[in-house]
Amino acid sequence: MEIRALTFFTELPINTDKQQMEQQIAPLGKQALQVKKLFTDAGFAVQSLRLASQPLEKIFPEGASAEHLALFASQYEQVANQAGFKHVALGTLGASLSTDEASTENSLIKQLMAGIPAIIEATDWVFTSVQLADQANGLKTDCLPPAAQVVVDNSTIKEDGFGNLRYCMVANMPAFSPFFPAAWHDGNSSTAFSMAIESADILVDLLETFDNTEQRWLAEPSLTATFNRLGATLDKLGTEAAALTNITYRGIDMTPSPYPSIPRSFGRIVELLTNEPFGGPSTMAAIGLIKQSLDAANFNRAGYCAVMLLPLEDAVLAQNAISENFNIATLLACAAVGGTGLDVIPVSGNTPQKKIEGLMRDTAMLSLSLNKPLTVRLLPVPGQQAGELTQFNFDYFSSTRIFDL
């Protein structure tokens, strides 16, 4: 088990410049290192320190050109990197709008959205996202087409369509979620931090202690106890870190995210329960069991707190996608019982904008119906078609089959 990210959240000044960012972010970087040391001294590996701002419309309330946004993002990345943050997020577009603002501000959201490809091109590790639905405002229908067009535009900016790793659509995503791309400060609160966990291996180890699948299906109390123990330890450290730095502690996203090796795969968890390849009978029931176990646990929550099914980041899912044991529809169905949505899914490089838009619409409506955060992050791969194998040069990706929409 590792901490994938300690994510820090700060409110940048309106129309901020590089000097203002340096004055704010440099001291925060020193505090972040103190927090990281507290966790590493306690025996936890911390993969990355991350930084997220308030939504972009709150930084540029009058709008900004693509060129201006690219310059700002480049400076933001540079300042954050110098302070010790490798990954940085521009807070989720549209996430902070009240019901009264939503109808009048959608034009601003669409204008800023049009600048996202320029942000992706100008940077290496700046992430962006857009909130297309929430319980207060419903589905933002007129923002769907430009949100899908960003995916198309991003696909040719970086090698192999890798730019879309740093962009997604979300629905119902609360502030202070530590997983990227959809991390954002609410623009009203103090500086804060939360943590994202990579813990699929703990659940694999636990389930392997049971002799057979029948016993594993009865493991919900043991799974919940595992989440409780880990949550108690991490909450204690989070509280100590808050007292040390005077930065508000916002909790844990206990989503058992995977790593691309079989012992650290969520797909392995499902197969231990079902005794079937991922995508076979009882796959949804297995995901539901883990989600129920997580829901029953007691800890300070942030973000999804659900099940991440990431075909490019999970060795078992990657292999079963190659074998065509599941598809996009399977993943969308799994989102209804505990998944986090459709995440890091490679698709054909010539996927039409309308198909991407439709998939975003389906996921947003599912999110509204269930009142839970869901995401869509697709990676159209230029020059490749459905059924071919991916060839990303990235340590955190497995090779898998390109999906057909």
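I began with W125, which counts as partly exposed at 21% relative accessibility (buried is under 20% relative accessible area, exposed over 50%, partly exposed in between, with a 1.4 Å probe and protein chains only). The model is predicted, so local features need pLDDT of at least 70 and side-chain atom pairs count only at pLDDT 80 or more, while totals for chains, interfaces and linings use all residues. Residues are numbered from 1 along each chain as its sequence is written, and side-chain values use heavy atoms, without hydrogens and water.

I then looked up the rings around F394: F394 and Y396 form a tilted aromatic pair, 5.5 Å centre to centre with 55° between the planes (rings of Phe, Tyr and Trp, the last by its six-membered ring, pair if their centres lie within 6.5 Å; planes under 30 degrees apart are stacked, over 60 edge-to-face, the rest tilted). Y396 is partly exposed, at 38% relative accessible area. W125, F394 and Y396 are among the members of one aromatic cluster, which also includes Y259.

From Y259 I moved to R264, whose charged end sits over the ring of Y259, 4.0 Å from its centre (CZ of Arg or NZ of Lys within 6 Å of the ring centre and within 35 degrees of the ring normal). R264 also meets E198 in a salt bridge of 2.6 Å, N to O (a side-chain nitrogen of Lys or Arg within 4 Å of a carboxyl oxygen of Asp or Glu).

Finally I followed E198, which is buried at 4%, to R4, where a salt bridge of 3.0 Å joins the two side chains. E2, R4, E198, R264 and E313 are linked in a network of salt bridges.
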